[in-house]
Amino acid sequence: MKTAVGAPVPEVASGSRGFWPLRDLPVVFWLLGVAVVSLVHPFIPAPRWLMIHLLVLGAAGHSILVWSRYFADTLVRLPATPRRAQSQRLLLFNAGVLLVAIGVPGSLWWLVVVGALGIAVAVGWHVGTLIRGLRTGFASRFSSTIWFYIAAGALLLVGVTLGTWLAADPGEPLHTRLQLAHVAVNLLGWIGLTVLGTTVTLGPTMLRTRIVEGAEKHSRQALPVLLGGIALVVAAVWADVVVLVPAGLLLYAAGVALVAWPLGRTAWRKPPVSFPSWSLAAGMVWLVGLLLVLVAQVAWDVSHSGSWLEVGRTFEQYIPYLAAGFVAQVLLGALSYLIPVVLGGGPAAVRATNRDLDAGGALRVSLTNLGLLVCVLPVPSLVRVVASALVLAALAAFVPILLRAIRLRRGAPADARETTPRPHGQTTGLAVVGLALVMTAVAFGGSLDPASLGGPPKSAADGVIATGHTTTVTVEAKDMRFTPARIEVPVGDRLVIRVENTDRTDVHDLVLETGHDTGRLAPGESAVLDVGVVGRNLDGWCSVVGHKQMGMVLAIEAVGSPVAATGPGTPPVADDPGTDAHGTGHDMTMGEPADGTVIPDPVLPPPEPGRVHRHTFTVTEQGMEVAPGITQEMWTYNGSAPGPTLHGRVGDTFVIRLVNEGGLGHSIDFHAGQRAPDKVMVTIPPGESLTYRFTATRAGIWMYHCSSMPMSAHIANGLFGAVVIDPPDLPAADKSYVLVQSEHYYGAEGQPVDMDKLLAEEPDAVVFNGYVNAYDHAPLQVKVGERVRIWLLDAGPNRPLSFHVVGGQFDRTWLEGDWLLGSAEAPSRTGGSQALALAVAQGGFVEMVFDEPGRYPLVNHVMIDAERGAHGVIEVTR
């Protein structure tokens with residue numbers, strides 16, 4: 001059959017029917033995989049890339065191998081592809097995708113290499129057959145489409161190579177650049193070129209109309225433009241010239257416009273009337289629209305920061321919408337049209353199956369596109385959650401509809417089933433139902449979050465008298481936690497919370513029970529919540545599906561009694577405490593922490609699940625209170641000094657992405673792993689990042705720290721932390737804590753470390769976990785009879801630690817990898833220990849059981865350092 005201008009229309013020989021399960025059934029399984037991962041993603045650390053790759057590489061890639069080969073055979077009038085050869089290619093390709101999907105999250109690089117090799121062989125074989133087909137087939141005015149397929153396959157070979165390189169953790173800044181090139185080559189090249197080449201003939205065929213005169217000429221002109229755009233993006237990555245990225249995207253968009261213009265004219269003349277044509281048209285609109293958005297946003301990023309990290313974040317933000325809006329819709333639309341043709345059985349059977357696959361088409365298309373549009377817009381998080389669920393349901397509906405169509409096809413002859421078109425009013429009604437459902441989603445999400453509808457949030461004051469004070473707190477959203485997770489605010493104070501999403505991939509928000517809401521925050525974004533005057537305890541949480549259940553909650557505790565303000569903005573009058581040697585007017589060892597100060601949580605976090613642990617450590621330089629009345633500029637990992645405590649087991653692998661958002665060069669050195677210093681312990685400038693990978697082969701509590709020079713200053717100013725690797729036979733304890741000792745050398749108020757004091761080894765304070773007398777203000781809570789384990793690390797940079805608990809005795813001690821007292825099997829029966837002595841960068845733990853309640857001081861028994869702030873209390877109760 002031919003169109004009015006002589007272009008061949010896809011038909012499939014009846015003998016292909018038996019080949020259908022291998023041709024298209026794997027697509028169903030890949031799509032089911034996408035749906036499963038989408039559902040469990042909020043509850044397990046399943047990476048976003050896995051969903052995208054299952055769709056783009058698995059489902060779409062398999063379909064490309066099948067249908068680009070068939071279209072090539074049709075356009076140049078070759079004999080049907082030998083079924084055995086095609087089966088071998090498909091099996092090799094799908095096995096490769098499966099190995100890659102298993103190998104990357106499991107950090108099994110050799111498995112990734114094997115899978116990538118299988119994909120490369122299958123696609124290279126496919127490209128070779130296409131080239132041979134051009135040489136032996138008939139000349140055709142649409143032969144340029146075959147060159148789209150050849151170019152797409154060649155680009156996938158490049159993309160697979162880049163993906164394998166990425167899986168080997170090349171480190172930053174190379175990682176972000178390679179990832180951007182990988183996306184451009186695979187999504188815009190492998191998928192984009194194939195779709196654009198195919199729609200020249202498939203689009204008009206779906207609309208059952210002629211191909212616009214000159215469409216093939218436009219496609220021939222577009223191919224070099226499209227390839228030029230992709231090449232420019234890759235060249236920008238290779239040459240480290242970020243300014244070329246928006247130029248490459250703009251050039252690619254121009255190529256898309258060349259192909260899309262005749263298609264748009266065709267659709268204007270003969271509008272879509274079925275699910276396949278609607279879905280294809282909507283997919284093309286998303287491609288054009290998102291390309292323009294990417295060009296604008298990336299150009300903005302380049303002009304304002306010039307950072308690869310910012311460009312990478314922009315791509316990460318929009319790629320899921322490109323995958324769902326463009327790739328998924330084009331794939332489902334094309335399959336809905338082509339599968340009935342593959343099943344064969346004559347015109348009546350094809351029409352009947354087409355109608356079956358068109359079930360609810362207007363509803364599915366409207367839900368998908370309106371829902372995606374809501375998700376892209378700056379709407380409240382709960383609205384976006386409900387809308388995204390509707391999009392997933394609309395896309396996933398293809399699978400049961402397809403299975404039902406196959407069952408109906410086998411159960412009833414074609415002539416016994418109605419094949420008359422649906423009335424126009426019914427189709428319009430379904431589209432209106434989709435609109436109504438999306439509007440309901442917006443209303444439902446808004447009803448759960450009153451602030452999202454523009455109504456005033458509920459008051460947190462409960463009639464208390466305002467003090468005129470403002471408590472300002474910065475809260476970090478990362479790794480399914482808010483840090484700090486508890487905020488204390490004096491009753492009557494106005495509370496202002498700055499929420500920063502420092503996760504690399506996950507989107508978060510903060511919603512309070514009063515209705516205050518930050519809105520959805522992409523990685524790197526922040527927002528400020530003005531809660532108003534606080535008079536009662538409040539609960540907050542992340543409303544992204546599953547995040548609250550995983551522990552992403554925030555407690556706001558109203559403390560103290562309200563004090564009436566003497567006037568707007570007037571603080572209450574306090575007695576003059578005098579002036580200490582620091583010139584602050586406070587006794588830093590005996591005063592109380594300032595409003596909003598959160599004492600670091602000393603509880604050892606549980607061991608991380610799995611064997612590979614990925615974290616992002618963001619270096620910041622920020623002011624923070626380090627003692628009552630003392631504020632210093634501290635250099636921090638993830639906003640705290642010391643940085644986060646990591647906890648794992650022997651044999652675990654840690655992959656740490658270090659991002660420098662400070663104003664100086666910084667680095668990181670993990671004692672818990674063995675690595676060549678010149679490979680990963682390198683200083684990175686502001687705005688850059690690197691990836692530090694190590695395997696913990698030996699147990700202990702290990703220090704990590706910044707190794708940039710002068711190293712003493714970087715450690716003294718807060719860039720250090722602990723990694724706890726449990727001995728394999730370590731028995732459980734009732735309570736486990738971590739105390740890291742360090743020193744403070746105070747500069748002027750709000751300034752960093754005083755180098756003169758540091759060089760003279762004259763510390764102003766010696767502290768546990770970064771705050772003077774931290775656990776006098778927040779004692780460790782223990783009950784009589786509980787076994788208590790305290791992990792200890794001396795981070796220095798200069799002072800030793802002799803750890804002692806006044807009134808207590810240790811029956812187990814462990815130092816630098818081995819037992820000193822007792823054993824894994826049992827504590828010592830007769831011997832005891834009064835102190836564990838640690839030099840700088842050494843660590844271990846002590847254990848004890850308290851026989852009676854009371855307050856037991858914990859101290860560094862180098863007494864001058866205990867008096868400087870290395871002091872706390874263990875509060876033992878019945």
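Me: How many aromatic pairs does the count come to?
Reply: The count comes to 16 aromatic pairs, where rings of Phe, Tyr and Trp (its six-membered ring) pair if their centres lie within 6.5 Å, with planes under 30 degrees apart called stacked, over 60 edge-to-face and the rest tilted. This is a predicted model, where local features need pLDDT of at least 70, side-chain atom pairs count only at pLDDT 80 or more, and totals for chains, interfaces and linings use all residues. Residues are numbered from 1 along each chain as its sequence is written, and side-chain values use heavy atoms, leaving out hydrogens and water.

Me: Why is the pair Phe654 and Phe694 stacked?
Reply: Because the ring centres of Phe654 and Phe694 are 5.2 Å apart and the planes sit at 15°. Phe654 is in strand β12 (residues 653-660) and Phe694 in strand β14 (residues 689-695), 40 residues apart; strands here are DSSP runs (E, at least two residues), numbered from the N terminus.

Me: Is Phe694 buried or exposed?
Reply: Buried, at a relative accessible area of 2%. Buried means under 20% relative accessible area, exposed over 50%, and partly exposed in between (1.4 Å probe, protein chains only). Phe654 is buried too, at 0%.

Me: Which residues form one aromatic cluster?
Reply: Phe617, Tyr637, Phe654, Phe670, Tyr692, Phe694 and Tyr704.

Terms used. Helices (H or I, at least four residues) and strands (E, at least two) are DSSP runs, numbered from the N terminus.
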